[in-house]
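Student: I am new to this structure. Please take me through one part of it closely.

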Amino acid sequence: MTQLLPYIPFALRETLLSYAGRLAAIHTGQGLTRLLADMRINSEHFILGRDDAVAQFAEVVDVDLALLQRSNMRAIGPDVMFREERVQKTFLVRAADKYCPVCLAEGGSHRGWKQRLNWCFAPVHRCPDHGVFLNRLSTPTRTFQEAEGRLDGQPNEVEAPTPAYLDWLEARLWGDPATGTWLDEQSIQQVLDACLMLGSTLVHGHRQPAKKLSPLKQEAAMQVGFDHFVHGPEGVTKALDEIRDNSPARAVQAGPLA
């Protein structure tokens with residue numbers, strides 16, 4: 001099978017669709033669909049992340065399939081399969097909807113824009129590299145190249161330090177986290193959802209829906225929950241004791257307090 005020239009390397013930490021979007025802009029000057037058609041790859045299968053289409057793509061672009069699969073998010077009904085973890089599509093968003101304007105500026109023109117994998121996770125509200133809050137697209141696209149002309153290049157800087165849970169997520173995705181630990185035994189969604197629930201209830205009480213908090217408040221609550229959760233069952237028990245002691249409610253048969 002004919003391979004693409006010039007060779008454009010895959011960037012660690014970017015998504016599979018991001019890489020395909022860059023190649024499309026460089027090699028065709030058009031969108032993703034045109035590139036996949038030239039490769040004779042079923043575009044729907046590739047965009048859904050199906051193994052056969054991804055394997056065919058890996059062969060054409062001459063990139064190790066295992067490397068691409070680490071950044072692939074395969075749609076399975078209402079969920080997403082990511083590295084053998086099945087997660088909700090609202091937790092891991094496959095489309096390009098959040099971005100760090102500093103990261104995109106470092107990529108130069110739209111041909112160099114990369115979507116970082118960590119931006120796809122719902123609890124990630126800032127760039128761990130630059131410490132700025134992520135901007136949002138009003139309408140998500142498949143790749144940032146398709147959103148050219150609609151991106152705001154002004155970064156939203158924050159003074160607070162980068163939360164530790166973002167460092168943990170980066171290590172889980174790309175680093176070498178310690179194995180056999182309390183956190184390693186659970187899926188990414190289990191860890192971060194539990195941290196949000198604990199932290200939000202500790203800080204705002206059980207009447208405030210955690211996912212309706214502003215990004216800044218949600219991030220702060222996540223960190224509070226992570227500070228407890230990282231200590232294992234003992235830390236969770238301590239957090240639950242604090243929640244129970246601070247709550248005026250006494251009926252605990254149902255609802256967030258339960």
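Let us look at H8 and H10: are they roughly parallel or roughly antiparallel to each other?

Tutor: Bear in mind that this is a predicted model. Start with the two helices. H8 covers residues 188–204, and H10 covers residues 233–246. Two packed helices are described by the angle between their axes and the distance between the axes. Here the axes come within 9 Å. They cross at roughly 30°. Angles under 35 degrees count as roughly parallel. H8 and H10 are therefore roughly parallel to each other. The crossing also has a hand: H8 passes H10 in a left-handed sense.

Now find the residues that touch. On the H8 side, they are Leu198, Thr201 and Leu202. H10 contributes Val236, Ala239, Leu240, Glu242 and Ile243. Sort this contact between H8 and H10 by class, and six residues are nonpolar, one is polar and one is charged. Thr201 is the polar one. Glu242 is the charged one.

For some context, turn to the strands. Three of them form an open sheet, in the order S1-S2-S3, with antiparallel pairing. S1 (74–76) and S3 (85–88) stand at the edges with a single partner strand each, so one side of each has no neighbour in the sheet. From one strand to the next, the twist averages 35°. Look at S1 beside S2, which spans residues 79–82: the two pair in the antiparallel sense over three bridges. Arginine 74 has methionine 81, in S2, as its bridge partner.

Notes:
Residues are numbered from 1 along each chain as its sequence is written. This is a predicted model: local features need pLDDT of at least 70, side-chain atom pairs count only at pLDDT 80 or more; totals for chains, interfaces and linings use all residues. Side-chain values use heavy atoms; hydrogens and water are left out. Axes are lines fitted to C-alpha atoms, for helices over the stretch in contact, and angles run from 0 to 180 degrees between N-to-C directions. Helices (H or I, at least four residues) and strands (E, at least two) are DSSP runs, numbered from the N terminus. Angles under 35 degrees count as roughly parallel, over 145 as roughly antiparallel, 65 to 115 as roughly perpendicular and the rest as oblique. A crossing is left-handed if the near helix is turned anticlockwise from the far one by less than a right angle, and right-handed if clockwise. Contact means heavy atoms within 4.5 Å. Two strands pair if DSSP finds at least two bridges between them.
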